[in-house]
Structure formats: C-alpha cells, structure tokens
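I opened the notebook to record what I looked up in this structure, entry by entry. The terms are given with their cut-offs where they are first needed.

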Amino acid sequence: MLADRTTAETMWPTAYPQGYAVVDVETTGLARDDRIISAAVYRLDAQGNVEDHWYTLVNPLRDPGPVWIHGLTSDMLQDAPLFKDIAGEFADRLADRVLVAHNAIFDWQMIAREYARAEVTAPVRQRLCTIALSKELNLPLPNHKLESLAAHFGVVQQRAHHALDDARVLAEAFRPSLHAAARDNVRLPLLECRPLTEWSDTPAAPRVGYQASYGSGGSGAAGWRPSRKRPPCPYPNPGRWADGTPLKQGMRIAFSGDTSVDRELLEDRAVEAGLHVATSLSRLTSLLVTNDPDSSTSKTVKAKSFGTPVVDEAAFTQLLRDVAPAGD
C-alpha cells in the first residue's frame, strides 16, 4: 500500500484518465443477434480505487444460450428488466469514465448493440482492454485468460462467468496493473468507442453448431460460439488496392477497430460485393479499413510494416458502391 501511495502522490502521469468503469457482461452468445443477460460495473477513481459497484440481470427476450456456462436460466431471467429499462442506470455508471474490460472489444460491441436497439447513445468515449495492458506491461502470463491475470496478482475468483464476480476480479487485478503502468510511465492502450449508427439483428449465418473458441476468459459466454463460416471468395486476389482506383472483386479486406456500421454488417456488404474478408492481415492483404490508423493494434502495426494501404470507414463505404468485376 505504501508503494501505491508513493506512485499516486509523486509519479502519477497527468495524462491518465480521471476515472474508470470496470465492466463485465454475460450474454446469450457471441453473434450479432445475441443479447446481454447480466451486467456488472465497478466504478474506480483515477488511481483504481473502488468507489462502488452495481449488478443487474437482463431479460434478453430469447433463450439464454449456454446455461452450463453462465448459469442463468429462462426462469431466472423472465422477471428481470429489459435492457431499455436499465439503460439509463447503466449509462450513469459509465458516464465520463473509461470502460475497462477483459477483451474489451467484445463487451463494448455487445453494449453498443444493446444501446442501438434501445435507440440511446451509450456515454462511452474510450475503452481500455486489460489484455492489451498486460501486453504493454510485459506481464509473465501463460495466456490471456482472466484467471491467469487474477492469479498473477493473487486475486481469488469465486464465481467464474458471473458478471459481478468477474468484474470484481478484474477491478482488483486492474488496480496493480494501473499502478505498474503509472510507475513506469507506460502509455495506456486507450481506444475510441464509436456508437453504432447502423446495426442489424439478422443472423449472418445459421447456427449449425458450436465450437469452443472464445478463450480469453471472463467476458461473455466463453467457449460458446455459433459457427459462422462464409463460403470462400470465388475470385482470385488481384493484389493491393491503389489510391484513386476502384476496389476489384477478389481483393482481401481486413478491418480493425470500431466502425459506426455494425462490423458484421459491414463485412457482409463487402462479401456481397465480391470481396474477401480476411480475419488477419498479411502481405497479401489488399486494404485495411480502420477509423484509428494510429492505434497499436496488431493489424495497424502490420499494415505499416507491410506498406498495406489504409482507408477509413467512410472512404471504404464509398468504394463499396462501385466494385470492379474480377478480370477487368
């Protein structure tokens, strides 16, 4: 504690945020049409000290998904409030704070979709992923699961995949991570949160099976992912896109960061235009679409090293309107 006080009093970076909201949501699954079924928020001050916490169940108006993981049955959720009924209180706890979560892109995407359905804008401007922070700190973790981060800092998990306990565990692990970053003057890996202006609840692919592929731990319905395989792109890759020219069918397109149009919806439109949506970036990638080209995500870093062309969402949307046929 003395070391923490010394850090806070004499070494605290002035550019660090003034407050945090450590968040965990449990969900019916991981797809575009899945819903939040419970949410928890621990509010922290600028140095990571707990101010208060909050938890609620949410009626998803559909089956609860992997009960064997989160333990929430239809009977337990039928009398819970709808998301629109808790949206205001949830927003009050997020307002003017950085959203902190483990695998934060997942929690933020689920929250953004719920607020879009409720026709309300979530008051979140930035997020911090504790996986990214642990990488910045070079923590000696065997993997990026929440349980590994908790074990590193001696935090005991009591109910894994229960939103309130997962948020507590993350809050307790985040505080020493934050102090370590402050001590070494590490730049926090903050990313912009873009509210959705367009979204869809139409499933992108039928649920034909499930696979245990969500392995970060601690957020969402871990280990339960609907199969979502697109058919292979029928066109050969014509190479990189060049500024001033149209996209061409077969080009490999990668996305990074938040988009105003729901990511899966944007990807579906790219596929419908005859483009190949790539989940990773390589030397064969034709174009990277990102609204935050200066971020340090793996895709933006690789794009810079490979010289891959980069455009923002608005420019890509314009390019999608006139994709040249393969072979032209």
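**Two loop residues with positive phi**

I looked up Asn138 and found it in the loop between α6 (130–136) and α7 (146–152), where helices (H or I, at least four residues) and strands (E, at least two) are DSSP runs numbered from the N terminus. Asn138 has a positive phi of about 55 degrees although it is not a glycine. With a relative accessible area of 65%, Asn138 is exposed; I use buried for under 20% relative accessible area, exposed for over 50%, and partly exposed for what is in between, with a 1.4 Å probe and protein chains only.

I then turned to Asp96, which lies in the loop between α4 (83–94) and β4 (98–101). Asp96, again not a glycine, has a positive phi of about 60 degrees, and at 77% relative accessibility it counts as exposed.

**Basis of the entries**

I note that this is a predicted model, in which local features need pLDDT of at least 70 and side-chain atom pairs count only at pLDDT 80 or more, while totals for chains, interfaces and linings use all residues. Residues are numbered from 1 along each chain as its sequence is written, and side-chain values use heavy atoms, with hydrogens and water left out.

**The whole protein**

I recorded eleven helices and twelve strands as the secondary structure of the protein. Of its 328 residues, 52% count as buried. For contacts, meaning heavy atoms within 4.5 Å, I took those with a separation of 6 or more, and residues 24 or more positions apart account for 68% of them.

I also looked for disulfides, defined as a pair of cysteine sulfur atoms within 2.5 Å, and the structure holds zero.

**Helix α9**

How many of the residues of α9 are buried? I found that seven of the ten residues in this helix (residues 263–272) are buried, so that α9 is mostly covered. The buried ones are Arg263, Glu264, Leu265, Leu266, Glu267, Asp268 and Ala270, and they pack against α5 (104–117), β9 (252–256), β10 (276–278) and α11 (313–320).

At the start of α9, I noted that a side-chain oxygen of Asp262 reaches to within 3.1 Å of the backbone nitrogen of Glu264. Just after the helix, Gly274 takes a positive phi of about 95 degrees.

**Pocket and cavities**

I used a 1 Å grid over the protein atoms alone: a cavity is a set of points where a 1.4 Å probe fits but cannot get out, a pocket is an open set with protein on both sides within 12 Å along at least five of seven lines, and lining residues have an atom within 4 Å of a point. Grid points are joined across faces, edges and corners, and a volume is the space filled by probe spheres set on the points.

Gly274 returns in the lining of the second largest pocket, together with Arg230, Pro231, Pro232, Cys233, Pro234, Val271, Leu275, His276 and Val277. This pocket holds about 180 Å³ of space.

I counted three cavities of 30 Å³ or more. The largest cavity has about 110 Å³ of space, and among its lining residues are Trp108, Arg194, Asp258, Asp262 and Arg263. The largest share of this lining, four residues, comes from α5.

The second largest cavity has about 90 Å³ of space, and its lining includes Arg127, Arg194, Asp258, Asn291 and Thr297.

**Asn291**

The side chain of Asn291 reaches the backbone oxygen of Asp258 at 3.0 Å, and it makes a polar contact with the side chain of Glu313 at 3.1 Å. Leaving out residues up to four places away in sequence, I found Asn291 touching Arg194, Ser256, Asp258, Thr259, Asp312 and Glu313.

Technical notes:
A polar contact is a pair of N or O atoms within 3.5 Å; within protein, one must be able to donate a hydrogen and the other to accept it, and residues adjacent in sequence count only if both atoms are side-chain atoms.
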